[in-house]
Amino acid sequence: IPPWHLRPRSSPMPESTPAVVKTIRSCDSAVDASNWAAFFANNHSLALPENSAHILEVQADVHSTAFLRWAFKAAEGTSYIRLKVTYSEGYELEPRSYPFFRSKADRLDASVGHIIGPYDEVTFDLPDTETVVYEPFWFRTFRLLKIEINVGPKPIELVSFDATQVNYPMALKASWKEPGDAHSEQIWDVSIRTMRNCMFDGYSDCPFYEQLQ
């Protein structure tokens, strides 16, 4: 429709890869932690009892900028579910003033830290046997997820969870390994991952902190 003419995009299509989220760091649930681990590792469906509450802390293999997708289904009649997911790049020490003046030490040390960050909080009505899907519009930035689920008067089935990393494609044409430096390859990997996590249709200086604004 004039004056807007459709043209082929000049930039290549983004690349997408699975973001691996499977390590259970903490589990306060009526369902055994091993069953939660199987759900995240193998995407097996998981039955959650009626009127139950579940709080988990789950760790991704690496820091990720991923689109998330959850699927739920009422198992034995109409029910509902409340879901809250908090996203963090690491465990943080007690902040002096949130969201500024943040304090961190070992970002994977849960014994002295808290998961603090932006969150999604939603409530779904689940009609009998109907699958309901929740997928936030924009990507989320995280290394750790704090997942809080409250189930209504009938049991529900947690059908699936998917995290998909989507970024501007980048063909690596180099590598770096310094003889005698045991950490050089790891430094290279972290550097490439940091750059990839900031590459979308444009560059984002720091996706996690930009999403705090």
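**Stop 1: the lining of the largest pocket**

Select the lining of the largest pocket and colour by residue class: six residues are nonpolar, four polar and six charged. Here Ala, Val, Leu, Ile, Met, Phe, Trp, Tyr, Cys and Pro count as nonpolar, Asp, Glu, Lys and Arg as charged, and the others, Gly among them, as polar. The model is predicted: local features need pLDDT of at least 70, side-chain atom pairs count only at pLDDT 80 or more, and totals for chains, interfaces and linings use all residues. Residues are numbered from 1 along each chain as its sequence is written, and side-chain values use heavy atoms, with hydrogens and water left out.

Which of the 16 lining residues lie nearest the centre of the largest pocket? Select H63, E89, R107, T194 and N197. The elements that give two or more residues to this lining are β8 (140-151), α2 (184-197) and α3 (207-210). Helix α2 gives the most, with four residues. The pocket has a volume of about 320 Å³.

A word on how it was found. The search runs on a 1 Å grid over the protein atoms alone; a pocket is an open set of points where a 1.4 Å probe fits, with protein on both sides within 12 Å along at least five of seven lines, and lining residues have an atom within 4 Å of a point. Grid points are joined across faces, edges and corners, and the volume is the space filled by probe spheres set on the points.

**Stop 2: the whole chain**

Zoom out and show the cartoon. The protein has three helices and nine strands. Helices (H or I, at least four residues) and strands (E, at least two) are DSSP runs, numbered from the N terminus. From that end the elements run β-β-α-β-β-β-β-β-β-β-α-α. The C-alpha atoms fill a box of roughly 60 × 55 × 35 Å, taken along the principal axes.

Now colour by pLDDT, the predictor's confidence in each residue, from 0 to 100. The average is 88, and 96% of the residues score at least 70. Where is confidence lowest, and where highest? It is lowest in α3, at a mean of 75, and highest in β8, at 95.

Then colour by accessibility. Buried residues make up 37% of the 213 residues. Buried means under 20% relative accessible area, exposed over 50%, and partly exposed in between (1.4 Å probe, protein chains only).

**Stop 3: aromatic rings**

Select W36 and F40. Both are buried. They sit four residues apart in helix α1 (residues 33-42), so about one helical turn separates them. A pair of aromatic rings is described by the distance of the centres and the angle of the planes.

Across the whole structure there are 14 aromatic pairs. In one of them, the rings of W36 and F40 have centres 6.3 Å apart and planes at 25°, so this pair is stacked. The cut-offs: rings of Phe, Tyr and Trp (its six-membered ring) pair if their centres lie within 6.5 Å; planes under 30 degrees apart count as stacked, over 60 as edge-to-face and the rest as tilted.

Next, select K84 and Y119. The charged end of K84 sits over the ring of Y119, 4.4 Å from its centre. That takes NZ of Lys or CZ of Arg within 6 Å of the ring centre and within 35 degrees of the ring normal.

**Stop 4: two positive phi angles**

Go to N51, in the loop between β3 (46-48) and β4 (53-74). Its phi is positive, about 55°, although N51 is not a glycine. Is N51 buried or exposed? At 59% relative accessibility, N51 counts as exposed.

Move on to T129, in the loop between β6 (119-126) and β7 (131-134). T129 is not a glycine either, and its phi is positive, near 65°. At 54% relative accessibility, T129 counts as exposed.

**Stop 5**

Select S11, in the segment before β1 (15-18). S11 is partly exposed, at 26% relative accessible area. Draw a line to Y168: the residues are 157 apart along the chain, and their C-alpha atoms are separated by 8.9 Å.

Jump to L93, in the loop between β5 (79-88) and β6. L93 is partly exposed, at 25%. Its C-alpha atom lies 4.7 Å from that of G113, 20 residues away along the chain.

Finish at A41, in helix α1. A41 is partly exposed, at 45%. The C-alpha atoms of A41 and I24, 17 residues apart along the chain, are separated by 10.0 Å.
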